[in-house]
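Dear colleague,

Please find below the structure that I am handing over to you. My notes on what was found in it follow.

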Amino acid sequence: MQIKSARFVISNTDYRKCPSPTLPEYAFIGRSNVGKSSLINMLTHQTKLAKTSAKPGKTQLINHFKINDNWYLVDLPGYGWASTGKEKRYQFTKMIEEYLTNRSNLRCVFVLVDIRHPMQANDSDFMLWLGERQIPFCLIFTKTDKLPKSKITAQIERYRKQMLEFWEAMPRYFYTSSLKKQGRAEVLEFIHQLNQKN
Ligand code: GDP
């Protein structure tokens with residue numbers, strides 16, 4: 001898929017205020033610092049798209065971007081913020097939960113994980129939560145340029161083993177590097193295929 005246009009539409013905290021759900025939508029989520037903004041910018045061929053909505057606290061908002069005028073890319077808040085106070089963390093989770101469970105046009109959630117780390121409890125909890133609600137998701141391993149190729153394979157294998165403790169199969173996954181622009185075509189092709197389905 002070629003990216004012909006990518007524009008910021010709206011940021012908010014309430015799924016009811018999101019754009020009307022008439023186009024297919026794909027959400028990106030992960031622990032803070034996983035490389036989500038970089039990945040969104042890499043996918044859309046922009047340098048600052050994910051940050052153009054930057055306001056203080058933008059990471060705690062649901063950010064909608066319209067791509068090619070025919071699908072939405074959604075930048076969700078990073079989770080697992082150690083610095084987020086209990087009360088705030090709760091609202092934050094509730095906001096994400098409400099969005100994920102009520103957005104009828106959501107085709108897939110991309111769960112981003114850093115290729116260098118073993119499975120983290122909050123990633124695993126989050127995927128189980130998605131699974132229980134039958135919300136489709138894929139895994140995106142980020143920052144693959146930080147590891148030699150042999151280690152990438154080993155890390156994915158390790159991840160697969162951890163996933164198989166809870167799941168019957170490894171979900172669909174992609175490995176990406178925003179720095180090297182790796183994985184872009186694969187992720188966009190996957191979205192393109194899902195966009196074709198009614
Ligand atoms: P976010 O908090 O998940 O949106 O993460 P950012 O996109 O802001 O990235 C967090 C840090 O990781 C920044 O210092 C980025 O430069 C770095 N980073 C993100 N993606 C990559 C990547 O693919 N390769 C490398 N080497 N660094 C990356």
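Helices are DSSP runs of H or I with at least four residues, numbered from the N terminus. Please keep in mind that this is a predicted model.

I begin with helix α4, which covers residues 121–132. Its twelve residues, at 1.5 Å a residue, should span 16 Å, and this agrees with the end C-alpha atoms, which are 16 Å apart. Which residues of α4 are buried? They are Asp123, Ser124, Phe126, Met127, Trp129 and Leu130. After α4 comes Gln134, which has a positive phi, near 55 degrees.

I now turn to the ligand. There are 13 residues around the ligand, and those that come nearest are Lys36, Ser37, Ser38, Asp145 and Ser178. By class, this shell is made up of six polar, five charged and two nonpolar residues. Helix α1, residues 36–44, gives the most to the shell, namely three residues.

Several backbone atoms also lie by oxygen atoms of the ligand. For Asn33, a backbone N or O atom is 2.9 Å from a ligand oxygen atom. For Gly35, the distance from a polar backbone atom to an oxygen atom of the ligand is 3.0 Å, and for Val34 the corresponding distance is 3.2 Å. On its own, the ligand has 570 Å² of accessible area, of which the protein covers 71%.

Yours sincerely

Definitions and conventions
Residues are numbered from 1 along each chain as its sequence is written. This is a predicted model: local features need pLDDT of at least 70, side-chain atom pairs count only at pLDDT 80 or more; totals for chains, interfaces and linings use all residues. Side-chain values use heavy atoms; hydrogens and water are left out. Helices (H or I, at least four residues) and strands (E, at least two) are DSSP runs, numbered from the N terminus. The expected span of a helix is 1.5 Å times one less than its number of residues. Buried means under 20% relative accessible area, exposed over 50%, partly exposed in between (1.4 Å probe, protein chains only). A residue is near a molecule or strand if one of its heavy atoms lies within 4 Å of it. A polar contact is a pair of N or O atoms within 3.5 Å; within protein, one must be able to donate a hydrogen and the other to accept it, and residues adjacent in sequence count only if both atoms are side-chain atoms. Accessible areas come from the Shrake-Rupley method with a 1.4 Å probe; for residues, only the protein chains shown count as cover. Ala, Val, Leu, Ile, Met, Phe, Trp, Tyr, Cys and Pro count as nonpolar, Asp, Glu, Lys and Arg as charged, and the others, Gly among them, as polar.
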